[in-house]
Amino acid sequence: MDRLSCTDTGLLTGREREVLALVAAGRTNRAIAADLVISEKTVASHVSHILTKLGLPSRAAATAYAYENGLV
């Protein structure tokens with residue numbers, strides 16, 4: 001899958017955008033879970049969905065993507 005702009009395509013849910021912003025801020029899954037009052041497993045699922053939907057290989061790539069697309 002080619003890298004797509006979620007701001008143009010609406011691929012990500014609102015919660016996934018929140019999680020992506022926190023990932024880009026360098027937060028751990030544990031910290032994100034505490035901030036959003038969800039489980040770490042749910043955060044991991046959101047991160048996995050984000051990477052899959054955007055065709056990205058890693059959290060680092062997701063962070064770069066977020067900055068490149070003005071999501072943070």
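Colleague: What is the relative accessible area of Arg-15? Please go on from there to its helix and the parts around that helix.

Modeller: First, the ground rules. This is a predicted model, with local features requiring pLDDT of at least 70 and side-chain atom pairs pLDDT 80 or more, while totals for chains, interfaces and linings use all residues. Residues are numbered from 1 along each chain as its sequence is written, and side-chain values use heavy atoms, without hydrogens or water.

Now the answer. Arg-15 has a relative accessible area of 30%, so it is partly exposed. The cut-offs are under 20% for buried and over 50% for exposed, with partly exposed in between (1.4 Å probe, protein chains only). Accessible areas come from the Shrake-Rupley method with a 1.4 Å probe; for residues, only the protein chains shown count as cover.

Arg-15 has a charged partner. Its side chain meets that of Glu-18 in a salt bridge, 3.3 Å from N to O. The term covers a side-chain nitrogen of Lys or Arg within 4 Å of a carboxyl oxygen of Asp or Glu.

A helix here is a DSSP run of H or I with at least four residues; a strand is a run of E with at least two; both are numbered from the N terminus. The protein has five helices and zero strands. The order from the N terminus is α-α-α-α-α.

Leu-36 lies in helix α3. It touches Arg-15, Glu-18, Val-19 and Leu-22, residues up to four places away in sequence not being counted. Touching, or contact, means heavy atoms within 4.5 Å. Leu-36 and Arg-15 are 21 residues apart in sequence, and their C-alpha atoms are 9.3 Å apart in space. At 15% relative accessibility, Leu-36 is buried.

Glu-16 pairs with Lys-53 in a salt bridge, with the closest N and O atoms 2.8 Å apart. Lys-53 sits in helix α4 (residues 40–54) and Glu-16 in helix α2, so the bridge ties together parts 37 residues apart in sequence. The two ends differ in cover. Glu-16 is buried, because its relative accessible area is 4%. Lys-53 is partly exposed, at 26%.

The count of salt bridges comes to four. Glu-40 is partly exposed at 37%, whereas Arg-30 is exposed at 59%.

On the α5 side, Thr-63 is an example. Thr-63 lies in helix α5 and is buried at 19% relative accessibility. Beyond its neighbours within four places in sequence, Thr-63 is in contact with Val-23 and Ala-24. After α2 comes Gly-26, whose phi is positive, near 85°.

Nonpolar side chains tend to be buried together in soluble globular proteins. A nonpolar core is a set of buried Ala, Val, Leu, Ile, Met, Phe, Trp, Tyr and Cys residues joined through side-chain atoms within 4.5 Å. The largest one here has 19 residues, of which Val-19, Leu-20, Ile-32, Leu-54 and Leu-56 touch the most other members. Helices α2, α3, α4 and α5 (59–68) each give two or more residues to this core.

Of the 72 residues in the protein, 35% are buried. Among contacts between residues at least 6 apart in sequence, 60% join residues at least 24 apart. The accessible surface is about 4000 Å², and carbon and sulfur atoms hold 54% of it.

Last, confidence. pLDDT is the predictor's confidence in each residue, from 0 to 100. The mean for the protein is 90, with 88% of its residues at 70 or more. By element, α3 has the highest mean (98) and helix α1 (residues 6–9) the lowest (47).
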